[in-house]
Amino acid sequence: MRQILRRLAVTALLAPVAALAAATMTANPAAAAKVSEQALQTQINQLVNVERAEHGCGALKVNAQITAAARAHSAYMAQTGKFSHTGKGGSRFSTRIKNAGYAKPSAENIAWGYQSAAAVVDGWMKSPGHRTNILNCKSKTVGVGVVYSAGGAPYYTQDFGF
């Protein structure tokens with residue numbers, strides 16, 4: 001009887017490991033359907049507004065000019081593999097936003113590699129500087145740009161305006 005119980009215990013411990021191994025061997029991350037860049041951008045904006053509401057800030061309004069600046073910076077990072085607030089030609093976020101036609105830039109968050117909107121927003125909310133940018137109640141507008149690199153890694157830029 002003891003031997004049977006031991007076998008059952010060992011089987012119970014090994015079953016999840018075997019299932020995980022099988023799933024890992026059959027899953028192909030490259031073949032997994034990617035969420036569209038536009039869908040990620042929309043989801044991020046929605047999740048950020050939920051965070052702001054929970055902390056007493058008004059909702060951010062999506063701005064096309066800021067979104068264009070954010071997408072251009074994400075495209076630059078995705079194409080070059082450079083992960084930085086410094087962009088093409090040594091540009092800063094404030095210059096990129098102004099060049100896109102928006103006069104009052106506020107802040108910028110960047111990220112890469114996160115596989116969902118919830119994951120990137122959670123990452124930003126756990127980072128003091130990014131969290132401060134998201135919860136700055138003086139910011140009124142936002143633009144999010146998500147661009148996939150050739151290798152499939154998503155690059156994120158979130159720009160804010162006053």
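These legends describe close-up views of a predicted model. Residues are numbered from 1 along each chain as its sequence is written. In this predicted model local features need pLDDT of at least 70 and side-chain atom pairs count only at pLDDT 80 or more, while totals for chains, interfaces and linings use all residues, and side-chain values use heavy atoms, with hydrogens and water left out.

**View 1. The disulfide of cysteine 57 and cysteine 137.** The sulfur atoms of these two residues lie 1.9 Å apart, where a disulfide is defined as a pair of cysteine sulfur atoms within 2.5 Å. The link is left-handed, with -75° about the S-S bond. Cysteine 57, at 7% relative accessibility, is buried, whereas cysteine 137, at 33%, is partly exposed (buried means under 20% relative accessible area, exposed over 50%, partly exposed in between, with a 1.4 Å probe and protein chains only).

**View 2. The ring cluster of Phe83, Trp112 and Tyr155.** Rings of Phe, Tyr and Trp (its six-membered ring) pair if their centres lie within 6.5 Å, and planes under 30 degrees apart count as stacked, over 60 as edge-to-face and the rest as tilted. Phenylalanine 83 and tryptophan 112 are edge-to-face, at 6.4 Å centre to centre and 65° between the planes. The rings of tryptophan 112 and tyrosine 155 are stacked, because their planes stand at 20°, with centres 6.1 Å apart. Tyrosine 155 is buried at 8% relative accessibility.

**View 3. Lysine 34 over the face of tyrosine 148.** Lysine 34 lies 4.3 Å from the ring centre; a charge sits over a ring if NZ of Lys or CZ of Arg is within 6 Å of the ring centre and within 35 degrees of the ring normal.
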